[in-house]
Amino acid sequence: TAAESFNYKKFFEMVGLKKKSPEDVKKVFHILDKDQSGFIEEEELKFVLKGFTPDGRDLSDKETKALLAAGDKDGDGKIGAD
């Protein structure tokens with residue numbers, strides 16, 4: 001798909017994140033947390049679509065920052081497991 005076309009709200013609906021159990025959400029988190037730091041940093045988030053489909057594209061910097069802002073509840077620049 002075209003750059004700048006990523007909509008994180010539609011993405012969350014498509015992957016059914018809101019309907020998943022806390023255990024399933026943690027499994028997804030650990031898949032995306034490549035360096036196992038306990039946080040998903042911006043660099044890991046850029047490749048989020050590849051975690052769901054091998055031919056997924058990288059997110060643009062703008063898309064990555066929007067997704068990070070949506071998940072970064074405490075404003076520390078990364079997404080924690082909670």
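What share of the contacts in the protein with a separation of 6 or more comes from residues 24 or more positions apart? In the predicted model, such residues account for 51% of these contacts. The secondary structure consists of 4 helices and 2 strands, which follow one another along the sequence in the pattern α-α-β-α-α-β. The radius of gyration is 12 Å, close to the 12 Å given by the globule rule for 82 residues, so the protein is as compact as a globular protein of that length. Along the principal axes, the C-alpha atoms fill a box of roughly 30 × 25 × 20 Å.

Burial and surface composition were examined next. Of the 82 residues in the protein, 30% are buried. The accessible surface comes to about 5,700 Å², and carbon and sulfur atoms contribute 57% of this area.

Helix H4 spans residues 61-71, and its buried residues are Glu63, Thr64, Leu67, Leu68 and Ala70. Viewed down the axis of H4, these residues fall within an arc of 160°, so they line one face of the helix. Lys62 and Ala69, by contrast, are exposed on the other side of H4. The elements covering the buried residues of H4 include helix H1 (8-15) and helix H3 (42-45), together with strand E1 (39-41) and strand E2 (78-80). Within H4, threonine 64 has a relative accessibility of 2% and therefore counts as buried. Apart from neighbours within four places in sequence, the contacts of threonine 64 are Glu42, Leu45, Lys46 and Leu59.

A one-sided arrangement is also found in helix H2. In this helix, which comprises residues 22-32, Val28, Phe29 and Leu32 are buried. Their directions, seen down the axis of H2, fall within an arc of 105°, so the buried residues line one face of the helix. The other side of H2 bears the exposed residues Glu23, Lys27 and Ile31. The buried residues of H2 pack against E1, H3 and E2. In general, an α-helix has 3.6 residues a turn, so residues three or four places apart point the same way.

Strand E1 contains isoleucine 40, which counts as buried because its relative accessibility is 4%, under the 20% cut-off. When neighbours within four places in sequence are set aside, isoleucine 40 is in contact with Phe29, Leu32, Asp33, Leu45, Leu68, Lys78 and Ile79. Isoleucine 40 and lysine 20, separated by 20 residues in sequence, are 19 Å apart in space from C-alpha to C-alpha.

The loop between H4 and E2 holds aspartate 74. This residue has a relative accessibility of 59% and so counts as exposed, the cut-off for exposure being over 50%. Aspartate 74 and lysine 10 lie 64 residues apart in sequence, and their C-alpha atoms are 23 Å apart in space.

Note on methods:
Residues are numbered from 1 along each chain as its sequence is written. This is a predicted model: local features need pLDDT of at least 70, side-chain atom pairs count only at pLDDT 80 or more; totals for chains, interfaces and linings use all residues. Side-chain values use heavy atoms; hydrogens and water are left out. The radius of gyration is taken over C-alpha atoms; the globule rule is 2.2 Å times the number of residues to the power 0.38. Buried means under 20% relative accessible area, exposed over 50%, partly exposed in between (1.4 Å probe, protein chains only). Contact means heavy atoms within 4.5 Å. Accessible areas come from the Shrake-Rupley method with a 1.4 Å probe; for residues, only the protein chains shown count as cover. The arc is that of the directions from the helix axis to the C-beta atoms.
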